Amino acid sequence: MNAITPIIMPKWGLEMSEGTISNWHVAEGQTLSRGMEIVDIETAKIVNTLESDLEGVVRRLIAPVGQTLPVGALIAIVADAAVSDADIDRYLRGDTPAQTAANSAPTSAPTLDTAPVIDRTEPAAAERAADPDLARRNEGVPATPLARRIANRHGVNLSRITGTGRNGRVNQEDVEAFIAANPAMTSAPAPAPAVTAALDNRSVHATSHAIRMANRLGIDLKRLAGTGRHGRVNVADVERFAAASGLTAPAPVASIAPPAGPAARKLAADLGVSLSSVNPTGPKGHATKEDVRNALAAPAGGLDPDPIPKGRDLVPHTAMRRAIATALTAAKRDVPHFYLTADILMDEVLSLRGQLNAMAGAKISVNDFIVRASALALGDVPDVNVQWTDAGMRRFNMANIAIAVAIEGGLVTPVVRDAGGKPLRTIAAETAALASRARDRRLTQADLSDGSFTVSNLGMFGVRDFQAIIAPPQAAILAVGATRREAREEANGAMRFRSVMSVTLSCDHRAIDGAIGARFLAALRQHLEQPLGLLS
Amino acid sequence: MPKISMRQAINDALHLEMERDPRVIVLGEDVSGGAGGTSGEREAAGGVFGLTKGLLPRFGEDRVIDTPISESCIVGAANGAALTGLRPVAEIMFADFVGVCMDQLLNQAAKFRYMFGGKARTPLVIRMTCGGGMNAAAQHSQTIYPILTSIPGLKVVIPSNAYDAKGLLLTAIRDDDPVIFFEHKSLYMDECEVPDGDYTIPFGEAAMVREGEHVTVVALARMVPLAIGVVDKLAAEGITCDLIDPRTTSPLDEESILESVRATGRLVVVDESPPRCSVAADIAAMAAEKAFHHLKAPIIQVTAPHTPVPFARELEAAYLPSPEKIEAAIRKVLSGR
Amino acid sequence: MQISREQMLRAYRQMVTIREFEERIHVDIQRGGIAGFTHLYAGQEAVAVGVCEHLTDTDTIISTHRGHGHCIAKGCDVIGMMKEIYGRQDGLCKGKGGSMHIADLDRGMLGANGIVGGGPPIAVGAAISAKVLKTGGVAVSFSGDGASNQGTVFEAMNMAVVLKVPKIFVFENNGYSEHTGFSYAVGSKDIVRRTEGFGMPVFKADGYDFFSVYEAMRQATELSRQGGGPCAIYAECTRFFGHFEGDPQLYRAKDEVARLRAENDSLKIFRQRVTEANLLPGGDLDQVEGEVRDLIDRAVREAVAAPAPTAADVLTDVYISY
């Protein structure tokens with residue numbers, strides 16, 4: 001009875017759902033040996049060759065070259081020479097051959113010797129592969145629900161079983177006996193010594209997920225002592241057993257994307273970072289918000305398993321890269337920097353922003369508030385709105401705020417002119433337009449010139465605070481960090497959580513003295529902590 | 001296997017267990033009915049929903065006790081009988097009526113064993129019909145199981161189908177502790193395959209009604225068949241759900257729910273009760289507390305609104321969770337926002 | 001009335017035990033040794049003992065928040081009770097019940113009950129058990145004049161009559177439902193006729209006189225044990241202490257308790273009756289009193305020394321564990 005073995009469309013990798021027959025290496029009647037190439041299959045990503053890991057005679061090639069079939073679909077039949085054609089016909093007529101993960105055993109992915117592990121990562125997909133036609137046919141056969149479930153799972157055609165239950169109904173024992181007598185139905189791959197060939201885990205007192213996990217790992221649940229309610233086997237029991245047996249960590253999610261808390265998930269969604277590209281460092285392998293930010297900062301999404309070794313490739317500089325290098329080297333060398341850091345309470349800004357953005361059409365960022373507040377502070381302390389030249393101090397009578405925008409391959413600093421004279425909404429619109437043009441590399445020289453002061457904001461990346469290099473000929477740049485929640489003691493001694501943002505002003509000491517810079521920060525803080533004034 | 005209704009399954013279980021154990025008695029209003037009437041028909045009711053039909057002729061008046069309308073004394077007498085060697089199955093005609101016998105549940109049955117230092121056994125079942133869908137309005141439609149689930153010392157069983165109802169009722173009668181057995185009146189006619197003989201279903205073990213990978217849906221009582229329809233429909237689109245019927249809310253099978261939530265990362269809880277301090281809220285809180293890091297989206301509760309159950313057809317239909325609301329919730333939880 | 005010398009001595013021992021138990025607890029509460037709410041039974045001893053002297057372990061009683069006397073009369077272990085009231089690990093209920101919830105199911109004592117009117121419905125159930133299981137037992141509920149106004153008690157009386165079960169309702173009218181007088185709270189001022197209105201006979205007794213209660217209960221058990229259905233006993237009595245320990249008893253006239261202790265002390269009345277009729281020598285009664293005092297001393301000593309329950313004990317004896 002075990003002589004007929006189906007060959008099915010294999011599943012290579014997580015995302016393969018179907019494959020196209022590209023080339024048969026074998027013909028009907030040919031004798032297979034282990035390792036022999038059977039068929040080339042083209043997937044969305046690769047063309048790969050399926051090798052045999054069983055011996056027998058190729059009796060039928062079901063799928064012609066060029067045909068695209070779902071994973072698990074029957075593509076060929078292998079059987080002993082002794083099996084008659086009639087038997088094979090009967091087999092094909094009476095049954096769509098087994099297509100569960102367990103029955104994919106005769107095939108293996110030659111270039112991915114971790115194929116069983118990959119199967120484990122998507123058990124449900126493997127189960128879905130069970131033939132709906134079979135399930136429908138089985139529906140018509142008198143059988144207990146459990147028997148039907150097991151049969152569908154194992155690709156067993158119930159009509160081939162003689163039932164011993166009430167009125168000839170097929171029961172669980174019948175199906176299990178049939179499967180036991182038909183190793184072709186049960187020849188599960190053996191990923192580890194703890195594995196048993198025929199799993200009867202559904203009959204064990206275990207939680208649904210414990211059973212699923214055990215099936216994925218090929219663990220016979222009858223060998224486990226349950227610690228759950230009424231001695232039920234739970235996931236923790238299976239995990240313990242798997243660990244003790246040296247089986248791979250089973251969590252399917254973990255192998256695709258690390259677990260992550262809601263905040264990290266939201267940040268990842270906001271930043272457009274795929275969690276699967278995040279390298280988790282949190283407790284129990286969880287991805288933290290920091291990990292998400294790191295993934296964004298890291299090249300190629302942060303999870304290139306085989307990065308190009310350093311120094312092997314030399315990528316030529318772009319013109320922008322060279323310009324940045326030249327300008328900033330000169331600035332750091334020639335401009336005597338000093339740095340002033342201050343904390344600003346942002347609760348009012350956040351609240352006001354929320355109210356404004358709740359109105360139709362408004363979309364004002366925190367940075368827009370900072371730009372406007374900086375402009376007003378420059379008006380309050382005009383001695384910061386200056387440029388050092390050898391000839392004399394150039395003073396500006398309006399605040400042209402340059403905004404550092406990261407683009408691919410570098411950064412640019414388009415300018416919002418006279419930000420002190422423009423309402424928030426205008427600043428927001430201009431900034432959005434400038435940033436968009438920056439990313440599209442459509443900024444004009446006019447967009448980039450005449451800045452009197454720069455705001456560089458890395459808060460969205462979770463940077464707490466940093467020191468920016470002044471962009472000459474400007475004399476100051478404001479480095480803006482992330483707004484964080486921090487407990488602050490109130491005047492009355494109570495502790496209260498506040499939203500705190502650290503900013504660092506880099507000043508050109510040739511043009512600006514410490515006290516002047518400090519006055520600017522005080523003015524900036526006042527504008528941001530009492531932000532109603534920013535609305536005027 | 002024969003298909004029978006939940007009404008028949010419960011009636012079968014009562015027959016079976018009274019036959020098996022002479023200590024089992026049934027008491028309540030109109031459990032046989034007819035006493036003192038002018039027709040002389042002694043079994044004029046067999047329970048207002050017919051759940052206890054046939055018991056009086058078979059087991060006699062000593063064991064099938066028609067009581068006056070006295071809910072306090074029905075539960076109290078069941079308590080006392082349970083304390084002194086019988087295994088009473090009392091019936092409160094509508095769960096809403098526990099309002100008048102709450103003391104006997106809250107302060108007596110629930111407390112005996114603990115309060116008496118472990119010495120008391122109270123093998124007691126109180127059956128009560130609950131739930132909406134019959135336009136029975138505010139005092140005959142409630143699902144008050146959250147109130148009773150919140151009381152330590154009561155076990156609370158809420159079957160969603162005939163098979164579970166029979167197996168759970170047999171477990172309940174054989175249990176040595178007070179068990180509240182909720183029967184959703186809109187499920188009485190629902191049929192499924194039920195074995196003839198004796199079988200029990202342990203408390204605290206949820207049924208995994210459907211298996212899937214994308215969303216965990218937890219539903220109770222009549223919400224289970226509604227959820228099955230939705231889950232099966234979505235499966236055709238490739239959205240697959242673990243559909244879990246806890247079957248008992250006390251003890252609650254935390255393990256099965258948490259294992260599933262940890263696998264899917266998404267939870268929708270469907271319950272017919274109002275939302276505050278509900279079983280749905282309890283399950284959602286548990287998942288938030290114990291599976292927090294696995295959640296990919298906010299938990300969604302599909303419940304009735306925080307109002308009494310209304311009467312008019314249109315009002316009750318709007319009040320009760322519907323397949324549409326369940327489907328919308330599943331789609332929303334999949335959107336991640 | 002038939003009563004043996006041994007029975008009389010035993011009854012007296014029970015009454016004295018109740019009295020000494022309560023007097024001692026009254027003192028120990030003031031010394032701070034006992035936590036919680038405690039309601040003392042002293043003064044009503046003749047009722048509990050007169051009723052329970054007719055009962056065996058097959059018969060069941062259910063008590064009230066004022067339950068120590070019923071427990072002792074039904075045979076609960078006095079030392080276990082004292083330990084329970086002290087909240088000890090080896091108390092009768094492991095320190096989980098306390099004064100208001102002492103129970104001993106092996107003795108047919110279904111518990112003191114903190115809910116006024118909670119007991120009678122439960123006793124109806126116990127009476128159903130006696131009837132169905134044909135134990136020959138009766139079920140007795142004790143209720144005060146306060147509980148006699150509860151709807152649950154009315155339900156229980158009606159159902160007991162409907163089901164014709166061996167159930168005896170004992171109404172102990174001690175004059176006060178908590179802080180409110182009987183004459184105010186019982187509208188008809190007539191518990192007997194109200195009870196008879198439910199369709200059962202009521203046997204009246206002098207609640208200060210053991211022999212009167214004993215005789216009433218003899219008639220009651222005779223009726224109920226022989227399938228005559230439920231009946232009731234009504235006894236007027238008094239409590240020597242307040243509703244609860246700490247009750248300033250502002251509702252009582254200044255000299256009321258002193259007068260009752262002088263004129264209506266059931267122990268004095270018992271002693272007077274048995275000695276005057278030469279039924280028992282006074283020396284025997286003295287000896288009983290001495291032995292009881294020793295017992296109560298020992299009970300307190302052991303209770304004070306007994307171990308307290310631990311935090312782990314909170315989670316035992318539950319139906320469901322998480």
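This is a predicted model: local features need pLDDT of at least 70, side-chain atom pairs count only at pLDDT 80 or more; totals for chains, interfaces and linings use all residues.

Modeller: Let me start with a label from a record. UniProt, in an unreviewed entry, carries the annotation "domain: Peripheral subunit-binding (PSBD)" for residues 142-179 and 259-296 of chain A. Look at residues 259-296 of chain A. The predictor gives the complex an ipTM of 0.88 and a pTM of 0.64.

The peptide bond from Pro472(A) to Pro473(A) is cis, and its omega is near 10 degrees. Pro473(A) sits in the loop between β17 (453-457) and β18 (476-489) of chain A.

Now cross to chain B. Where chains A and B meet, chain B supplies 20 residues and chain A supplies 17 residues. On the chain B side, helix α9 (residues 254-264) gives the largest share, with 5 residues. That side of chain B has 8 polar, 7 charged and 5 nonpolar residues.

Next, the overall build of chain B. It has 12 helices and 14 strands. Of its 337 residues, 64% are buried. Take the contacts between residues at least 6 apart in the sequence of chain B. Among these, 78% join residues at least 24 apart.

Here is the sheet you asked for. Seven strands of chain B form an open sheet with mixed pairing, in the order β3-β2-β4-β5-β7-β6-β12. Strands β3 (64-66) and β12 (248-250) of chain B are at the edges. Each has a single partner strand, so one side of each is left without a neighbour in the sheet. Ignoring direction, neighbouring strands of this sheet are turned by 20 degrees against each other on average.

How do such strands hold on to each other? Strands of a sheet pair through backbone hydrogen bonds, in a parallel or an antiparallel way. Zoom in on one pair. Strand β4 (residues 87-94) and strand β5 (residues 124-130) of chain B run parallel, joined by 5 bridges. Within this part of the sheet, Val89(B) stands opposite Val125(B) in β5(B).

Which helix lies across the sheet strands? Helix α7 (residues 162-174) of chain B does, spanning β2 (24-28), β4, β5, β6 (155-157) and β7 (178-184). It runs at about 160 degrees to β7(B).

A cis peptide bond joins Ser250(B) and Pro251(B), with omega about 5 degrees. Pro251(B) lies in the loop between β12 and α9 of chain B. And α9(B) is the helix with the largest share of chain B's side of the contact with chain A.

Asp30(B) has a positive phi of about 60 degrees, although it is not a glycine. Asp30(B) is in the loop between β2 and α2 (55-59) of chain B. Is Asp30(B) buried or exposed? It has 20 C-beta neighbours inside 10 Å, so it counts as buried. The cut-off is 20 or more.

Ala221(B) also has a positive phi, near 50 degrees, and is a residue other than glycine. Find it in the loop between β10 (215-219) and α8 (223-235) of chain B. Ala221(B) counts as buried because it has 28 C-beta neighbours inside 10 Å.

Definitions and conventions
Residues are numbered from 1 along each chain as its sequence is written. Chains are lettered from A and ligands numbered from 1 in the order in which they are written. Two residues are in contact if their C-beta atoms, placed from the backbone, lie within 7 Å. Helices (H or I, at least four residues) and strands (E, at least two) are DSSP runs, numbered from the N terminus. Ala, Val, Leu, Ile, Met, Phe, Trp, Tyr, Cys and Pro count as nonpolar, Asp, Glu, Lys and Arg as charged, and the others, Gly among them, as polar. Two strands pair if DSSP finds at least two bridges between them. Axes are lines fitted to C-alpha atoms, for helices over the stretch in contact, and angles run from 0 to 180 degrees between N-to-C directions. A residue is buried if 20 or more other C-beta atoms lie within 10 Å of its own, exposed if 12 or fewer, and partly exposed in between; C-beta atoms are placed from the backbone. UniProt positions are given in the numbering used here, feature names are shortened, and annotations may be inferred rather than shown by experiment.
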